Amino acid sequence: MSSDAFVRFKRKTIAFGPQIGDLAATKRDREFLDEVYLREMNFAAGGVGCAAWDGAIILARFLRRIRNTLAGRRVHEVGAGVGLPGIVAARYAASCVLSDYIPSLVENLDYNIALNGARRRVDEAPAAPDTPNAAALHGDAAEDVIEEYRGALRQRVSHAATAAVLDWEEFPSLPECEQERFKCDIIIGSEVTYSQIQSAGIPALFALVDATLSADGVFYTIQSVNRETHGFVCAQMRARGFDVAAVAVPKEEAAAETTGQITENYAYYTFRRPNSSFPVMGLEVGGTLIEDDDAFAVLCAPPPELDKSIIASALA
Ligand SMILES: C[S@@+](CC[C@H](N)C(=O)[O-])C[C@H]1O[C@@H](n2cnc3c(N)ncnc32)[C@H](O)[C@@H]1O
């Protein structure tokens, strides 16, 4: 890949957790406890997944909030792009496969996993560390506390995260032993269903979700409701027997940290197997359930070509 004249890389840091350091003059003043380091590519090298989308930041923040729920779970990030949510999930889950269908993106996912992993991997992953309290983060021993905390997260990423090439449309033709790798309890994906141009890809993704998710599993996805696919997505997952919940992402949450993209109206989508006990994404930050067609209309003016009957039946 590095010999390809079209490949250009860029580094980005996405920050979570409390800010650390309190002296304006120090580098720490601009640092946060949990940071994810990403190498992004240019479009010619990686296509639409070459850089983190806003939905990836929103999803990653949610995953950090439900970190205790991820403990012991197998996670799969589909259409991972540069892998931000998958790397956050790997810090807390038993395992996390980050997949995409473009080989250069998957090479870059390997790179980003290493970038957020441990330099020297210990034999056994430590338990996910508790967030240190504010006093410990600013006291005399702060450096040691921060290093120990970050070291544990790095070890967890090195133990849990792996990258894989996976095209949703090709999943059914994979040998059973290869399909096995994608069996999981939680599937995550940001902005993977935003366009009907992927007309064969979206139903193939839902078939993959259905085939690989455990009996009490959940599929969490984020997308802008300004896109034309939201009704279609809900209808398809309902038809597969999933409980569907769409929650509007509160404006402050969507604006908390962005990639600088055009502002869109985002929704959290939770697709749960019946009787699944995983939480509905977004309610924990005061997001409102989108109950019906009128509620969607408040969020966005549907594009003229949208078939509103699809939304009505999806939300019925
Ligand atoms: C809009 S990008 C979002 C990337 C990333 N999830 C994010 O939010 O930053 C959509 C991603 O889905 C991947 N994708 C599209 N169709 C796919 C397919 N059939 N199989 C696997 N991945 C696919 C693309 O390569 C791309 O990384």
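Helix α9 comprises 12 residues, 201-212; helices here are DSSP runs of H or I with at least four residues, strands are runs of E with at least two, and both are numbered from the N terminus. At 1.5 Å a residue, helix α9 should span 16 Å, which agrees with the 16 Å between its end C-alpha atoms; the expected span is 1.5 Å times one less than the number of residues. The model is predicted: local features require pLDDT of at least 70 and side-chain atom pairs pLDDT 80 or more, whereas totals for chains, interfaces and linings use all residues. Residues are numbered from 1 along each chain as its sequence is written.

The buried residues of α9 are I202, L205, F206, L208, V209 and T212 (buried: 20 or more other C-beta atoms, placed from the backbone, within 10 Å of the residue's own). Because they cover an arc of only 155° around the axis, they lie on the same side of α9; the arc is that of the directions from the helix axis to the C-beta atoms. Their cover includes β3 (74-77), β6 (184-190), β7 (213-224) and α10 (230-239).

Around the ligand are 24 residues, of which G49, W53, G79, G81 and S190 come nearest (near: C-beta atom, placed from the backbone, within 6 Å).

A93 occupies the loop between α4 (84-90) and β4 (95-100). A93 is buried, because 26 other C-beta atoms lie within 10 Å. Leaving aside residues up to four places away in sequence, A93 touches L70, R73, R74, V75 and A160 (contact: C-beta atoms, placed from the backbone, within 7 Å). The C-alpha atoms of A93 and A161 are 9.2 Å apart, although 68 residues separate them along the chain.

Terms used
A residue is buried if 20 or more other C-beta atoms lie within 10 Å of its own, exposed if 12 or fewer, and partly exposed in between; C-beta atoms are placed from the backbone. Two residues are in contact if their C-beta atoms, placed from the backbone, lie within 7 Å.
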